[in-house]
Amino acid sequence: MAINSVNSTTTQQATAYTTQKANGIEKTVDTKNTTKQEAGVVYEKSDKTSDVVTKKTDYAMIEKLKADAEQRTAQLRSLVEKMMTKQGEAIGTADSMWRFLAKGDFTVDAETKAQAEADIAEDGYWGVEQTSDRILDFAKALSGNDPEKADLLLDAFKKGFKEATKTWGDELPEISQRTYDAVVEKFEAWKNGTTVADSAQTEA
């Protein structure tokens, strides 16, 4: 079976099922039919397993990353929808929301602006560092931290970036390009068994 097919299958399985343990008995639960967003679901980066190569998909980590991303994306969508509604814009689909933002033809109230600036700050959830870290963590979880899969997974990221650009309808904001560059740099460091700091010193 091709590696792409394996990765696709394992991702779907991670989305559809989770294992719960109660009274010493494990059972598999179909998460497609359960509520996806749970209060207080937050992914926190852990360095304890980041250096362990298992070559087995880390479904638990994938679920944490997915749950956190869904919750944060829902918060962002709610923020934008309120702004669109105030300005008489139809909310429509997610694609229309991104195109609305890409046009830049809107006004932002002080509260929304402050929240957005905090989210995309250097240490913010949607900032370059945290976003690129999450993308790398997802790749490591999917591959069992196997650096031999780095190029394959980086190619998948690049394809996703192109699709996001199409959805946006224009060139993505500058922060997106900086995040792209950070992801590429971190993938290269992972593949070569170095750190981003080491790579920077080598280039210098």
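Biologist: Which residues touch the most other members of the largest nonpolar core?

Modeller: This is a predicted model, and its largest nonpolar core holds 24 residues. The elements that give two or more residues to this core are α2 (59-86), α3 (94-103), α5 (128-143), α6 (150-168) and α7 (174-192). In soluble globular proteins, nonpolar side chains tend to be buried together. Within the core, the residues that touch the most other members are Val80, Phe100, Leu101, Leu153, Phe157, Phe187 and Trp190.

Biologist: What is the order of the elements from the N terminus on?

Modeller: The protein has eight helices and two strands, and buried residues make up 28% of its 204 residues. Among contacts between residues at least 6 apart in sequence, 61% join residues at least 24 apart. Read from the N terminus on, the elements run α-β-β-α-α-α-α-α-α-α.

Biologist: Are α6 and α7 roughly parallel or roughly antiparallel to each other?

Modeller: Two packed helices are described by the angle between their axes and the distance between the axes. For α6 and α7 the axes are 10 Å apart and the packing angle is about 170°. Angles over 145 degrees count as roughly antiparallel, and α6 and α7 are therefore roughly antiparallel.

Biologist: Which residues does phenylalanine 187 contact, leaving aside its neighbours within four places in sequence?

Modeller: Leaving aside neighbours within four places in sequence, the residues in contact with phenylalanine 187 are Ile135, Leu136, Ala139, Ala150, Leu153 and Leu154.

Biologist: Is alanine 150 buried or exposed?

Modeller: Alanine 150 lies in helix α6, and beyond its neighbours within four places in sequence it is in contact with Phe187, Trp190 and Lys191. The C-alpha atoms of alanine 150 and alanine 139 are 7.7 Å apart, while the two residues are eleven apart in sequence. Buried means under 20% relative accessible area, and alanine 150, at 2%, is therefore buried.

Biologist: Is the crossing of α5 and α7 left-handed or right-handed?

Modeller: The axes of α5 and α7 come within 9 Å and cross at roughly 40°, and the two helices are therefore oblique to each other. By class, their contact has nine nonpolar, four polar and five charged residues. The crossing of α5 and α7 is right-handed.

Biologist: In which crossing, left-handed or right-handed, does α2 pass α5?

Modeller: The axes of α2 and α5 come within 9 Å and cross at roughly 150°, and these helices are therefore roughly antiparallel to each other. Their contact is made by Met61, Ile62, Leu65, Lys66 and Asp68 of α2 and by Arg134, Asp137, Phe138, Ala141 and Leu142 of α5, a set that divides into six nonpolar, no polar and four charged residues. The crossing in which α2 passes α5 is left-handed.

Biologist: Which residues does threonine 112 touch, not counting residues up to four places away in sequence?

Modeller: Threonine 112 is found in helix α4 (residues 110-119), and with a relative accessible area of 12% it is buried. Not counting residues up to four places away in sequence, threonine 112 touches Leu79 and Met83.

Biologist: Is lysine 55 buried or exposed?

Modeller: Lysine 55 is placed in the loop between β2 (25-30) and α2, and although it is not a glycine, it has a positive phi of about 60°. Exposed means over 50% relative accessible area, and lysine 55, at 51%, is therefore exposed.

Biologist: Is asparagine 145 buried or exposed?

Modeller: Asparagine 145 has a positive phi of about 60° although it is not a glycine, and its place is in the loop between α5 and α6. With a relative accessibility of 6%, asparagine 145 counts as buried.

How values were computed. Residues are numbered from 1 along each chain as its sequence is written. This is a predicted model: local features need pLDDT of at least 70, side-chain atom pairs count only at pLDDT 80 or more; totals for chains, interfaces and linings use all residues. Side-chain values use heavy atoms; hydrogens and water are left out. A nonpolar core is a set of buried Ala, Val, Leu, Ile, Met, Phe, Trp, Tyr and Cys residues joined through side-chain atoms within 4.5 Å. Buried means under 20% relative accessible area, exposed over 50%, partly exposed in between (1.4 Å probe, protein chains only). Helices (H or I, at least four residues) and strands (E, at least two) are DSSP runs, numbered from the N terminus. Contact means heavy atoms within 4.5 Å. Axes are lines fitted to C-alpha atoms, for helices over the stretch in contact, and angles run from 0 to 180 degrees between N-to-C directions. Angles under 35 degrees count as roughly parallel, over 145 as roughly antiparallel, 65 to 115 as roughly perpendicular and the rest as oblique. A crossing is left-handed if the near helix is turned anticlockwise from the far one by less than a right angle, and right-handed if clockwise. Ala, Val, Leu, Ile, Met, Phe, Trp, Tyr, Cys and Pro count as nonpolar, Asp, Glu, Lys and Arg as charged, and the others, Gly among them, as polar.
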